[in-house]
Amino acid sequence: LGDDVAGAASYAKALQIQPTFATAALRLGGALRRLGKFAAAVTAYRCVLRRHLGGRGKASREEVAKGVRGSAISFFRLGLPSKALRLLRAWTAVDTEPPR
């Protein structure tokens, strides 16, 4: 837990400096999720998902997939399985690129 607390603080600071830094947003979401802060984790993952929808500094397919996965897990942990399933269905509908 100590590493996740410190990590979350560091990733949040990195995002203040560079809001389009997808790796920091993904790692912040992961740290918050491990700390049980699922709503905050969803907010962190949304930074990546918004970039995929045409925001500045477009996110890669892999980054978006990680953001979708982290958000879905967080929604399930929040007791919101319908939101998780809606997000996963939306992602599978637009992710038409074959796996590598």
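1. A residue is called buried when its relative accessible area is under 20%, exposed when that value is over 50%, and partly exposed in between (1.4 Å probe, protein chains only). By this rule Arg46, with a relative accessible area of 40%, is partly exposed.

2. This is a predicted model: local features need pLDDT of at least 70, side-chain atom pairs count only at pLDDT 80 or more, and totals for chains, interfaces and linings use all residues. Residues are numbered from 1 along each chain as its sequence is written, and side-chain values use heavy atoms, with hydrogens and water left out.

3. The chain contains five helices and zero strands. Helices (H or I, at least four residues) and strands (E, at least two) are DSSP runs, numbered from the N terminus.

4. Of the 100 residues in the chain, 34% are buried. The accessible surface is about 6,300 Å², and 58% of it belongs to carbon and sulfur atoms; such areas come from the Shrake-Rupley method with a 1.4 Å probe, and for residues only the protein chains shown count as cover.

5. Phe76, Leu85 and Leu88 form a nonpolar patch on the surface, with about 240 Å² of accessible area together. A patch is made of residues with over 30% relative accessible area and no salt bridge; like charges are joined within 9 Å, and nonpolar side chains (Val, Leu, Ile, Met, Phe, Trp, Tyr) within 5 Å. A salt bridge is a side-chain nitrogen of Lys or Arg within 4 Å of a carboxyl oxygen of Asp or Glu. Phe76 belongs to helix H4 (residues 61-77) and is partly exposed, at 41% relative accessibility.
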